[in-house]
Amino acid sequence: MDRTVGVVGSIIISILARIAGFILRRDHSPATNPQAVVVAKFVGLGSIVYSAYLCLGLKKKFPGTKLYFLTTVSCAPLARRLQGIDDVLIVDDKSILRLALSNVKLLWKLWQIRPDLYFDLEVYSAYASILSNLSLARNRYGFYRKSVAFKKGLFSHPVFFNTRRHISEIYSEMAKVAGFEAVEISEDSFRVTRKDEKRVESLLAASGWESKEIVLVNPNASELMLERRWPKENWRIFLEEITAKWPTYAFMLTGTNSEKPYVDEIYLSLSERAKGNILHTAGKWDLGSFLALLKRACLLVTVDSGPLHLAGALGVPTISLWGPVEPDHYAPRKGLHIRLYRPPYCSPCLHHADVPPCHGDNICMKQITPALLIEAVDNFFLAREKPK
């Protein structure tokens with residue numbers, strides 16, 4: 001629908017917007033004192049993490065503004081944890097009917113808010129572009145890649161999305177176009193409460209792991225591109241060998257409730273010996289508790305995913321596996337982050353192709369062997385335990 005009805009609708013609304021703009025002669029110069037601002041990002045936890053660059057910069061430049069974050073149901077908990085966000089607006093995308101009803105309510109809310117600025121952080125969605133226009137915001141900022149023709153009417157300030165730049169630079173560029181500077185994210189950019197920390201402490205105490213060094217292992221990738229997953233057999237080999245070599249560390253498998261069945265398969269394939277040094281916690285954490293757990297960990301081993309970018313923001317060391325996405329575009333930059341990337345000819349394909357050239361046979365991830373990951377983790381532990 002987004003690629004067919006949405007594109008046609010975008011073109012029609014773009015034409016109407018240009019006509020209205022010509023008649024009304026609206027002033028689109030940079031805002032000096034915006035009362036209400038909307039930042040919209042519907043999917044991608046990693047992108048929402050990096051949107052903090054924009055949101056924190058907005059709040060620093062315009063401390064008196066009310067900042068709204070517009071997102072979907074599944075991403076709303078993270079948006080609520082972002083410092084500087086005053087309110088979260090939600091699109092319910094669980095069904096077509098609920099989507100339609102929530103959009104009616106959303107438009108009514110946007111017309112009441114009357115935002116001065118609207119930042120659409122989606123790149124490929126016609127629906128998101130239409131929504132930015134229907135918000136009636138005076139200044140609307142959004143991305144384009146190949147053609148800006150139909151988006152010129154939808155956005156008052158289109159910004160080129162350069163896939164050869166890091167996502168933090170891309171969001172920072174949008175901030176510059178809007179007349180302010182982005183702010184570097186830090187471990188204080190996301191709200192973690194004492195209640196969150198106590199829940200983690202209770203679970204570790206119940207497991208007898210309160211004094212152990214925690215290594216989080218996240219084998220999950222979002223449904224946006226499951227090709228980012230590493231083969232389950234590779235995870236089994238890695239966990240068997242690494243727990244045998246480093247028994248003093250406690251390894252925890254993580255994941256959301258929807259990801260639990262996938263993590264179950266990996267866990268159940270392990271020997272009883274390996275299970276003795278691994279805690280299966282998928283589905284046991286809400287977001288706040290997971291953030292507190294991340295801050296407690298000494299290392300996160302993961303594929304390209306939301307937890308990777310949260311760890312980067314919180315200053316937690318990571319070892320990450322890459323394939324469909326180029327790490328220079330999305331990997332955390334600040335702190336200690338080891339990236340494993342063995343790209344074949346077709347990588348990176350995400351952000352460039354609608355359908356992966358491999359059609360799901362993610363050879364880019366399969367080329368990263370368990371031995372490579374084991375070596376990376378070994379080197380991390382050896383460097384960490386080396387006398388200073």
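The model is predicted: local features need pLDDT of at least 70, side-chain atom pairs count only at pLDDT 80 or more, and totals for chains, interfaces and linings use all residues. Residues are numbered from 1 along each chain as its sequence is written, and side-chain values use heavy atoms, with hydrogens and water left out.

**The whole chain**

Begin with the protein chain in cartoon view, where 17 helices and twelve strands make up the secondary structure. Helices (H or I, at least four residues) and strands (E, at least two) are DSSP runs, numbered from the N terminus. The radius of gyration, taken over C-alpha atoms, is 22 Å, close to the 21 Å that the globule rule gives for 388 residues, so the chain is as compact as a globular protein of that length. That rule is 2.2 Å times the number of residues to the power 0.38. Along its principal axes, the C-alpha trace spans about 75 × 45 × 45 Å.

Now switch to a surface. The accessible surface of the protein chain is about 17,800 Å², with 57% belonging to carbon and sulfur atoms; the areas come from the Shrake-Rupley method with a 1.4 Å probe, and for residues only the protein chains shown count as cover. Of the 388 residues, 54% count as buried, that is, under 20% relative accessible area, whereas exposed means over 50% and partly exposed lies in between. Contacts are heavy atoms within 4.5 Å; among those with a separation of 6 or more, 66% come from residues 24 or more positions apart.

**Helix 8**

Select residues 167-177, which form helix 8. Its buried residues are Ile167, Ser168, Ile170, Tyr171, Ser172, Met174 and Ala175. Gly179, which follows helix 8, has a positive phi, near 95°.

**Charged pairs**

Side chains of opposite charge can pair when their charged atoms come close. A salt bridge is a side-chain nitrogen of Lys or Arg within 4 Å of a carboxyl oxygen of Asp or Glu, and by this rule the count is 19.

Select Lys41 and Glu122, whose side chains form a salt bridge at 3.0 Å, N to O. Lys41 lies in the loop between strand 1 (36-40) and helix 2 (45-50) and Glu122 in the loop between strand 4 (117-120) and helix 6 (126-134), so the pair ties together parts that are 81 residues apart in sequence. Both Lys41 and Glu122 are buried.

Next, select Glu265 and Lys232, a salt bridge at 2.3 Å, N to O. Glu265 is in helix 11 (residues 260-268) and Lys232 in helix 10 (residues 232-245), so this pair ties together parts 33 residues apart in sequence. Glu265 is partly exposed at 43% relative accessible area, as is Lys232 at 33%.

Then move to Lys366 and Asp361, where the closest N and O atoms of the salt bridge are 2.4 Å apart. Lys366 is partly exposed at 43% relative accessibility, and Asp361 is partly exposed at 38%. Finally, select Arg165, Glu169 and Arg333, which salt bridges with shared partners join into one network.

**Cys358**

End at Cys358, in the loop between strand 12 (337-341) and helix 16 (363-366). Cys358 is partly exposed, with a relative accessible area of 21%.

Definitions and conventions: Buried means under 20% relative accessible area, exposed over 50%, partly exposed in between (1.4 Å probe, protein chains only).
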